[in-house]
Amino acid sequence: MEKKNNYIVAIAGNPNVGKTTLFNDLTGSNQKVGNWSGVTVERKEGTMTINDLSLKIIDLPGIYGLNAYSQDEIVARNFLIHNNPDLVVVIVDSTNLERNLYLVLELIELEKNVVVALNMIDELEEMGIDIDEKGLGNQLGIDMVPICASKRIGIDSLKEKIYANLKISKTARINGNFLKSPLKETIEEIEEILKNLPGSEKYPLKWLATKIIEREEDILNELLSKSYLKNEIQIKIDQLINNLEKKSKEESTVIIADYRYAYLHGIVKEFTKHHHKSINRRDLTDKLDTFFTNRWLGIPIFFIILWLTFQLTFFVGDIFVNYLEEFITFLNTSVTMSLSGNVSDVFLSFLTNGVIGGVGSVITFLPNIFMLFFIIAILESSGYMSRGAFVMDKIMHNMGLHGKSFIPLFMGFGCTVPAIMASRTLNSKKDRYITILVTPFMSCSARLPIYILFASIFFPGHQGTVIISMYFIGIAVAIIMGKIFKSTLFNEETAPLVMELPPYRLPSIKYIFKDAFDNSWSFLKRAGTVIFIGVIIIWCLAFLPAGVEFGSEYSAAGYLGKAISPIFTPLGFGNWQSSVSLLFGASAKEIVVGTMGTLFSNEGVVEGLKSIFTPLSAYSFIVFTLLYVPCFGSLITIKKEIGLKWSLFTAFYTTTVAYIISLLIYQIGSLII
Amino acid sequence: MISESLENYLRTIYEIKLKKGTVRIKDITQSLDVRNSSVVSAMRKLGKRGLVKYFKYDHVDLTQDGLVIGSLLFEKHNTVKDFLEKVLNFSNSESEELACGIEHHLNTKLFSRIEALSEFFNSNEALQKELNDYMKSKKYEESKTLDNFKPGESLIVTRVAGKLIIKKRLLNMGVLPGTKIYIERAAPFGDPIEIKIRGFRLSLRKDEAKSIFVERFEVGA
């Protein structure tokens, strides 16, 4: 026999059962994160060796069964059905066997090489339940290994079983035939028809028949597409199914699910034993839920948790951001000090304003991103996230979004970049896209300095009101745009909410650190280079032609500002300084303030601004900075999350919205005043 | 005379045509929640009777005859549905479902009398209220959908209906006829709800709960 030495092993299982923890246990640091081709579902892949075998491990998105439902489920299902992994490790929550084994049973029907990891075996012990894993495994014709992924218990025996199963490459087969009449006959009759169809040899016939009775049309259509008897066969199969439905007085989809659950219910009962009852984690969950999902307390608690998340992300994160910024300033000064005179001014400016400034603008995002993902990982793995979605769903659903959309939108008040990344927790494409598209309207902290500067100059005594109004305008625009997108761009059905609320569990610190680290790293790697290039381009605009003052009236940027400034005349700020600031502000919004500072360095910012703005045009200007193109970092993040097309769309539509609203404010304001 | 199911197809095509202008096989599959092949074979039968024209690219259209019959069926269906919903107080989805069955057994006489009864109650609010109160006093023990029940109730699933995609997800998770459900709580604004089933917790929007039919489950029984 040919010696095969590169096996593909898929890890499958329901959501929230510890798949990723097991994946980490098995692969350690040998991991690669990418996307499944054509979709934005994250694909995690790693390698490991067991004795003489080297394995490629694929971490599949969580699924409950092999039916096509949401995007990530379709990915997992198609991989299992079409890609033929050499082995599937199904990780199950042993405290909830019946439902978890449903997927296992489907994979057995598919005659895959299956090993089951019975996770959370420690919790099961606490609950006073024993599983006879040998007996249960024999019944299903597969190996079962009790493990505790978070404590790394049982991982070695799991590896042994993976090794053994790969060596013999066996396929699972259930002991005995447990199909009952009339389903049994119907399956046999459909098998008889399918047998002669070209292409059917790729799948086990019995599984195919079951899937067809379950009305998974894509599989039948695929088989029939090549047959010239297409319609005749379809009608014949329909008749068989109709007869089955008549005899069982039940719909075919229900018949199949019912037979699987009836079988699983029986064997779970047979091979588990309750001896004594000690601590029950489910009681703990009940107790916690009386607070967290309480009718009155649920939402206040959610807001407190959000507020804490926000504080930790931006205030703890900002301590490190400050250090980083100080470090970058220090670096800038020391480079300038040590090199000035020795190298040309062009090179020095390139090094300080361009390279160091560019790198700086990338890495200053990192502490916030790390903190955010750290907290999100805690919220997700402890089980709170789905509670948050539960209490907020009604409000968000009215906006055309999902309960979970609240987290990214709220994070948007801090920084748009991590906020957009936080939208990954949303499963439905529609929810996720709309959330990403409206997140830039949540006024991020970088915009605050602009409001403060203008409000203190033009609205003394009313700064607070002016600044708060910015936040409200942002929220209102986000709600309106959300509703518009819901009914125009994504005019498909709303994704249904059928969401499990998993038991509360203590998150594993190691996993949380790893998750936060991975996400920060992936941001640095993919967004970093592009943001860097963007900053360099802006540097070039400000610096060129050689010899002019950096970013002044006579630089390329200055000319560009003059060229575009007439566009802003109807908005009240058709001066070239505003245009230059806005241009630079596209790389990071706080730069608007810095640019104004540089441009008015002679007469002072206050006098300078007073000379070109009235209170009305100042207000129109800050509304524009709130709404117009989100910073370069956000656009790159959007590109990374959902593609270039959407990133460009965001840049375009936000600027359009900003233009229209500022225009309305200035024109209507001029009429009133 | 055409069969009940063909009548349903004809009415659905008419409805889609009203709404969208053009009708594709896919629209029919979706709105009747049936198999593609069933639609194709039904279209062929309707085609033979000269009621439906069949185009390439999976489009269909009604012939002049089909249009006449379709609009009649549509009117009949709506009248019956309105009667069930407004006079007899069935839920929207239930009236829709019942109307699909009843409408085929109406002769003109019965149909016009139902119409009259509908109008009678619609124009007499007081009488309608009296009827409602009377029906309430009767306490019908019927199978209702999950969204009608309150937290703390133990229920048993009698039927899982609804769109195929939601139905399959529910079935995958073990929401089956005969399964026991306990309603744990409702979210702060009353929606979604949380239920306990097969030892785990599941949250559903009321929209999804509408596709689960349940009965009260007597703990002692």
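Two strands count as paired if DSSP finds at least two bridges between them, and the strands themselves (E, at least two residues), like the helices (H or I, at least four), are DSSP runs numbered from the N terminus. By that rule, strand E5 (residues 154-160) of chain B goes with strand E6 (residues 180-186) of chain B, the two running antiparallel and joined by 3 bridges. Within this pair, B:Ile156 sits opposite B:Lys180 in E6(B).

A word on the model. It is a predicted one, where local features need pLDDT of at least 70 and side-chain atom pairs count only at pLDDT 80 or more, while totals for chains, interfaces and linings use all residues. Residues are numbered from 1 along each chain as its sequence is written, with chains lettered from A and ligands numbered from 1 in the order in which they are written.

E5(B) and E6(B) belong to an open sheet of 7 strands with antiparallel pairing, in the order E10(A)-E8(B)-E7(B)-E6(B)-E5(B)-E9(B)-E4(B). Strand E10 (498-500) of chain A and strand E4 (144-145) of chain B stand at the edges with a single partner strand each, so one side of each has no neighbour in the sheet. E10(A) pairs with strand E8 (residues 200-204) of chain B in the antiparallel sense, over 3 bridges. Here A:Val498 lies opposite B:Leu204 in E8(B).

What about the rest of the interface? Counting residues as in contact if their C-beta atoms, placed from the backbone, lie within 7 Å, 33 residues of chain A touch 36 residues of chain B. On the chain A side, the elements giving two or more residues include helix H3 (97-109), helix H11 (252-271) and E10 of chain A. H11(A) gives the largest share, 5 residues. That side of chain A divides into 15 nonpolar, 8 polar and 10 charged residues, where Ala, Val, Leu, Ile, Met, Phe, Trp, Tyr, Cys and Pro count as nonpolar, Asp, Glu, Lys and Arg as charged, and the others, Gly among them, as polar.

H3(A) and H11(A) also meet each other. Residues A:Leu97, A:Glu98, A:Leu101, A:Tyr102 and A:Leu105 of H3(A) touch A:Arg260, A:Leu264, A:His265 and A:Val268 of H11(A). This contact is made up of 6 nonpolar, 1 polar and 2 charged residues.

Elsewhere in chain A, A:Asn78 lies in helix H2 (residues 71-82). The C-alpha atoms of A:Asn78 and A:Leu66, 12 residues apart along the chain, are separated by 8.6 Å.

How values were computed: Two residues are in contact if their C-beta atoms, placed from the backbone, lie within 7 Å.
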